[in-house]
Amino acid sequence: MNYPKLDSLRSKALIACGAGVIVSLLGLFISGKTQFFQSYLYAFMLWNGLSLGCLSLLMLHHMVAGRWGFMIQRFLEAGTRILPIMLLLFLPILLYGVYILYPWAPGGALAHHEIIQAKAAFLNITGFRIRALIYFAVWIALSFLLTRLSIAQDKDGDPARTLRLRWISGPGIVAQVLTITFAMTDWGMSLEPEWFSTIYAPIFIVGQGLGALALCIIILSKVADTEPHSKVMSVDFYHHLGGLLCAFTVVWTYFSFSQYLITWSGNLPEEIPWYLHRTGPGLNLIALTLMLFNFALPMFILFQRRVKRSARALVFMAMWVFLARFVDVFWIIKPAFTPNRLGIHILDFSAHAAIGGLWLFLFVTQIKKYPLLPLHDQRMEAALGGHEHGEEAVEHA
């Protein structure tokens, strides 16, 4: 079946990718490799996080079998199947960029600092590379197993596969949390190796889920008017997705504020520099933007029942939350390179266009590879039978 809106998105993504690659390569020669890798890491953290968010939500869906998950299950599976490509995109950082980006690496500004020496068992090039390969091996294996079982169930309808999906997802969520915790410590927190926070990784985990869910709602709006979704979509599914989006927003705020509150109350010299680096002209405005547009306003708006039950309003909020993810990841990553100032560079935009364009192109390609709704899944049949068709008209975007 043709999906004109998805085809249009894929074409635009491919064009954006091509333009982003050209501008990024020009920027590499003009602005230098340091700026290139800083922008590259910023874009990689956001787009790789979407794949990880898809994987987390997919396993959560198989564990709880909530009604919200069936309409976007195939989108989540498609997002996880991009992880092998994300591994390839991480190789430039793994092989070369690590020496430029991380001050603890040999030749870095803090390579001989006493704190780095005390953490040398963890902060070393060999460990950094081995751990990265382990992270991707775990994520790709989980994606492969979950996708293979889901597609196999489409063909034979074996209900035992549903139980296997749950068996994998339970331990898989534990492995996912552990690997993301170490990965965000390696790739993000070690940019400022004197600083540490036990809530840093959970902020990323929730943010990744928030971004992935917002993107899936946007994609859902592009296929809701065509089969097979048009036959089963109801207001209730939007309501469930909107409720989950609101919940993730609240949890993200809880973790972010907890980290700030603990740091502020402790007022320790080794902890407060992380926030001091994120204050200054422009950065203060970004912090205020995050408080307003990634927490207060989305939460207040999504609390309203009529918003969650309107497809058009919910898609608008999903776009809002998705764009806020760019600001959030920027505020976390970029001030590590340009403390106390707003270090926006044109390469930040071109890197997002290049990596994001490729990600979206592959995402849509993977979505179209298999049926858009799971076939022969008894849980879905139960979910569809539980709502009253035609009770309320869906206001499609």
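So, Lys-119: at 28% relative accessibility it counts as partly exposed, where partly exposed sits between buried, under 20% relative accessible area, and exposed, over 50%, with a 1.4 Å probe and protein chains only. Quick caveat: this is a predicted model, so local features need pLDDT of at least 70, side-chain atom pairs count only at pLDDT 80 or more, and totals for chains, interfaces and linings use all residues. Residues are numbered from 1 along each chain as its sequence is written, and side-chain values use heavy atoms, with hydrogens and water left out.

Back to Lys-119. You'll find Lys-119 in the loop between helix H6 (114-118) and helix H7 (125-156); helices here are DSSP runs of H or I, at least four residues, and strands are E runs of at least two, numbered from the N terminus. Skipping neighbours within four places in sequence, Lys-119 is in contact with Pro-193, Glu-194 and Trp-195, contact being heavy atoms within 4.5 Å. And Phe-90, 29 residues apart from Lys-119 along the chain, has its C-alpha 24 Å from that of Lys-119.

Now Ser-39. Buried or exposed? Buried, because its relative accessible area is 1%. Ser-39 belongs to helix H2 (residues 33-64), and leaving out residues up to four places away, Ser-39 touches Lys-334, Leu-347, Asp-348 and Ala-351.

What about Trp-47? Trp-47 is among the residues with the most contacts inside the largest nonpolar core, along with Met-71, Phe-75, Trp-139, Trp-187 and Ile-333. That core has 129 residues; a core here is a set of buried Ala, Val, Leu, Ile, Met, Phe, Trp, Tyr and Cys residues joined through side-chain atoms within 4.5 Å. With residues up to four places away not counted, the partners of Trp-47 include Met-86, Phe-322, Phe-326, His-352 and Trp-359.

Okay, zooming out. The protein chain has 17 helices and zero strands. Buried residues make up 55% of its 397 residues. Of the contacts between residues at least 6 apart in sequence, 83% join residues at least 24 apart. The C-alpha trace spans about 65 × 40 × 40 Å along its principal axes.

How does the radius of gyration look? For 397 residues a compact globule would be near 21 Å, and the protein chain has 21 Å, so that agrees; the radius is taken over C-alpha atoms, and the rule is 2.2 Å times the number of residues to the power 0.38.
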